[in-house]
Amino acid sequence: MENIARPRGTMDVMAPDVFMWNHIEKTVRAVAERYGFSEIKTPTFEEIGLFKRGVGEATDIVQKEMYSFTDKDGTMFALRPEGTASVVRAIIENGKATDTLPLKFFYLINCFRYEKPEAGRSREFVQFGTEMFGAPSAAADFTVISLADAVLRELGLKNVRLHINSIGCPECRPVYRAELVKYLNAHSDQLCDTCLERMNTNPMRVLDCKNESCRKVAEGAPRTIDHLCAGCREHLDDLRSALDACGVPYVTDPHIVRGLDYYTKTVFEFISEGIGSQSTVCGGGRYDGLMEELGGPKMAGIGFGMGITRVILAMKQEGIEAPKLGVPELYIATMGRAAVTEGLKIATELRSCGINAETDVVGRSLKAQMKYADKTGARYVLMLGDTEMEAGRAQLKEMATSGQTELELGEIVGYIKERYGR
Ligand code: ATP
Ligand code: MG
């Protein structure tokens, strides 16, 4: 029979990569908690209108990348392409908007986008995201950026650089936008078809285009940072002062943009120097208009999304390894029915104390069991055969030193627990 392959752009994760995943997820949760963010879980699919409004009709995500389907009752749903829209919906729907501010949420979710798969770009991917609502100050921007920075540092990444920019607000944006459109019109012969359309619907998206020729046009384009109103300028200055004061290195990069109307002021990316074209490990910004756009109260918001596969690529590139999990503290080699039962008993007792212990379940020869124990990296090995069962005593071997200790069967659990510090 023909084998069925997994869908294009999805992945199977298993050891040793899964150690990396677990290590990252653990780090992310620990850091987010330290910053006072609480985890939020929302549905994998939502009414499609939520993403149309929340992500924006003019974006590639909505126009080309959504996995949508019609339910049996005719409702149009989409698998979430990102997390922010759902969090905003959940805040409004659960009456959280009137809670004490700021609201601080994080999530670790799978997202779906119909894209051309390549390294660091898949159709189902996992994102770590944070959202802070009800905090309009630059101190909030700093806090969210600092959280992302802390995660990346704690994972040991050194070649990931923070790029920040400001894209202004509804007050200063119109003047900028008019100037940008004028410039783009003058260079329209060098723009791709998509950008020619974007020029009228969402001109700032042109600055985001990955097309080579559009990038050249973008490089010479007027910069938001030169058109900021006094308020936006002060906000950016305050953010920079906080980053300087707290020792978070960054570069100001006028080419970082988020081309959505409700994005305001701060935008940022963490970019890895060595992982090729999919180098943005984390992207975020301020969206003070989003809550209102989705029917909630007027409430400032800021957050980011961090792609876990890209973090892994960056870690591998820097030679960072995750701690290996699942290494047995004790392997019990058994021979004979009574020994098998005794082995299970010792393993179960240790496991119930939180200690990893393993014993043979395959029926291997003693020699093969010793080889297996060595392969797992077990710290101690216990040999149990008929002789040991009759004597009620057995040899415990410490693998690193080959040192042997003779113990009564009843003493083994206590001995290992003591060594393990339990
Ligand atoms: P890109 O410009 O790389 O397409 P984006 O602007 O579409 O990124 P966001 O929507 O801001 O990305 O998502 C935040 C983060 O999620 C990205 O910085 C990236 O790390 C990750 N990400 C986005 N799309 C994918 C994907 N298809 N596969 C893997 N990770 C992704
Ligand atoms: Mg994208």
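In this predicted model, the largest nonpolar core is built from 55 residues, and those with the most contacts inside it are Phe128 and Met306. Helix H5, which spans residues 138–154, supplies the largest share of this core, namely ten residues. Apart from this core there is a second, separate one of 50 residues, which includes Leu180, Tyr183, Cys195 and Cys214.

The surroundings of Phe128 can be followed residue by residue. If residues up to four places away in sequence are not counted, Phe128 touches Val28 and Ala32, then Phe106, Tyr107 and Leu108, then Leu147 and Val151, and finally Phe304, Gly305, Met306 and Ile308. Met306, one of these partners of Phe128, is also the other residue named for having the most contacts inside the largest core.

Ligand 1 is surrounded by 16 residues, of which the closest are Arg113, Glu115, Arg121, Ser122 and Lys210.

Several polar contacts to oxygen atoms of ligand 1 can be picked out in the model. Arg113 places a polar side-chain atom 2.8 Å from an oxygen atom of ligand 1, and an N or O atom in the side chain of Arg310 is 2.9 Å from an oxygen atom of ligand 1. For Val281, by contrast, the atom concerned belongs to the backbone, where an N or O atom lies 3.1 Å from a ligand oxygen. On its own, ligand 1 has 590 Å² of accessible area, and the protein covers 86% of that area. The elements that contribute two or more residues to the shell around ligand 1 are the strands S6 (124–133), S10 (280–286) and S11 (301–307).

Ser122, among the residues closest to ligand 1, has its place in the loop between S5 and S6. Is Ser122 buried or exposed? Its relative accessible area is 13%, and Ser122 therefore counts as buried, since the limit for that class is under 20%. A polar atom of the Ser122 side chain lies 3.1 Å from the backbone oxygen of Glu124. When neighbours within four places in sequence are left aside, the contacts of Ser122 are with Gly9, Arg113 and Glu115.

Lys116 also belongs to the loop between strand S5 (103–112) and S6. Lys116 counts as exposed because its relative accessibility is 61%, where over 50% is required. Lys116 and Glu65 are 51 residues apart along the chain, with their C-alpha atoms separated by 9.8 Å.

A polar atom of the Glu388 side chain lies 2.8 Å from the backbone nitrogen of Gly385. Beyond its neighbours within four places in sequence, Glu388 is in contact with Met383, Arg393, Ala394 and Leu409. Computed along the sequence, Glu388 and Met335 are 53 residues apart, while from C-alpha to C-alpha they are 10.0 Å apart in space.

How values were computed: Residues are numbered from 1 along each chain as its sequence is written. Chains are lettered from A and ligands numbered from 1 in the order in which they are written. This is a predicted model: local features need pLDDT of at least 70, side-chain atom pairs count only at pLDDT 80 or more; totals for chains, interfaces and linings use all residues. Side-chain values use heavy atoms; hydrogens and water are left out. A nonpolar core is a set of buried Ala, Val, Leu, Ile, Met, Phe, Trp, Tyr and Cys residues joined through side-chain atoms within 4.5 Å. Buried means under 20% relative accessible area, exposed over 50%, partly exposed in between (1.4 Å probe, protein chains only). Helices (H or I, at least four residues) and strands (E, at least two) are DSSP runs, numbered from the N terminus. Contact means heavy atoms within 4.5 Å. A residue is near a molecule or strand if one of its heavy atoms lies within 4 Å of it. A polar contact is a pair of N or O atoms within 3.5 Å; within protein, one must be able to donate a hydrogen and the other to accept it, and residues adjacent in sequence count only if both atoms are side-chain atoms. Accessible areas come from the Shrake-Rupley method with a 1.4 Å probe; for residues, only the protein chains shown count as cover.
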